[in-house]
Amino acid sequence: MTRDLSVTDSVVVDAPASVIWSQLADPTQMPRWSPENTGARLEGDAAGGGRPLVEGESFSGTNRRGRARWITRCVVRHSVPGERFCFDVVGWGLGSPRLRVKVARWDYRLEMVEGGTRVTETWSDGRRAWPTWLANAFDQAAAGRPFAQFQRRNIARTLAALKADLDGVR
């Protein structure tokens with residue numbers, strides 16, 4: 001059985017790309033839309049963030065799925081105003097992201113189209129260098145199904161919430 005290593009979905013939001021990017025590039029905003037993310041804190045920032053991040057900056061994200069709680073360490077790979085925000089998950093843990101692991105990449109691309117801005121969200125799991133059988137077993141334990149199927153639903157929910165929140169914002 002092969003694994004899907006990437007999931008992509010898009011939505012058109014009636015808002016300028018610059019407005020959407022400024023929200024997406026500030027990880028403290030993600031809990032407004034994500035079904036799993038509960039917060040983020042910019043590393044080394046006592047205020048915790050609240051601004052778009054630039055390439056190379058790191059943040060910690062808190063997450064929840066059912067009763068499970070965990071923290072990830074993330075590094076911004078691309079941050080292009082009005083065009084793209086992309087980060088890699090490079091650490092994971094229950095109380096803090098102490099385990100250094102290459103987990104996933106989250107990528108948000110923005111494109112002006114008729115009716116607003118197309119927001120494309122992509123989750124890529126090709127960073128876990130696990131054998132397929134082990135990754136499939138982990139996915140079943142963590143999500144109850146292949147992780148790509150799980151993420152497909154999460155991405156759809158995130159994009160729908162983003163659209164509902166930002167449609168008409170100028």
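Let's start at Leu134, which is partly exposed, with a relative accessible area of 34% (buried means under 20%, exposed over 50% and partly exposed in between, using a 1.4 Å probe and protein chains only). The model is predicted, so local features need pLDDT of at least 70 and side-chain atom pairs count only at pLDDT 80 or more, while totals for chains, interfaces and linings use all residues. Residues are numbered from 1 along each chain as its sequence is written, and side-chain values use heavy atoms, leaving out hydrogens and water.

Leu134 sits in helix α2, residues 132-143 (helices are DSSP runs of H or I with at least four residues, strands are runs of E with at least two, and both are numbered from the N terminus). Together with Trp130, Trp133 and Phe138, Leu134 makes a nonpolar surface patch of about 440 Å².

In soluble globular proteins, nonpolar side chains tend to be buried together. Here the largest nonpolar core has 34 residues, and Leu24 and Val119 touch the most other members (a core is a set of buried Ala, Val, Leu, Ile, Met, Phe, Trp, Tyr and Cys residues joined through side-chain atoms within 4.5 Å). The elements giving two or more residues to this core include β1 (6-13), α1 (17-24), β7 (116-124) and α3 (147-166). The largest share, seven residues, comes from α3. Leaving aside neighbours within four places in sequence, the contacts of Val119 include Ile20, Leu24, Leu159 and Leu162, where contact means heavy atoms within 4.5 Å.

Leu24 brings us to α1. Six of the eight residues of α1 are buried, so this helix is largely enclosed by the rest of the structure. The buried ones are Ala17, Val19, Ile20, Trp21, Gln23 and Leu24, and they pack against β1, β4, β5, β6, β7 and α3.

Finally, have a look at the aromatic rings. Two aromatic pairs are counted (rings of Phe, Tyr and Trp, the last by its six-membered ring, pair if their centres lie within 6.5 Å; planes under 30 degrees apart are stacked, over 60 edge-to-face, and the rest tilted). Phe59 and Phe87 are edge-to-face, 5.1 Å centre to centre with 75 degrees between the planes. This pair links distant parts of the chain, with Phe59 in strand β3 (residues 58-65) and Phe87 in strand β5, 28 residues apart. Phe85 and Phe87 have ring centres 6.0 Å apart and planes at 50 degrees, so this pair is tilted. Phe85 is buried at a relative accessible area of 1%, and Phe87 is buried at 11%. Phe59, Phe85 and Phe87 form one aromatic cluster.

Terms used
Patches are made of residues with over 30% relative accessible area and no salt bridge: like charges are joined within 9 Å, nonpolar side chains (Val, Leu, Ile, Met, Phe, Trp, Tyr) within 5 Å. Accessible areas come from the Shrake-Rupley method with a 1.4 Å probe; for residues, only the protein chains shown count as cover. A salt bridge is a side-chain nitrogen of Lys or Arg within 4 Å of a carboxyl oxygen of Asp or Glu.
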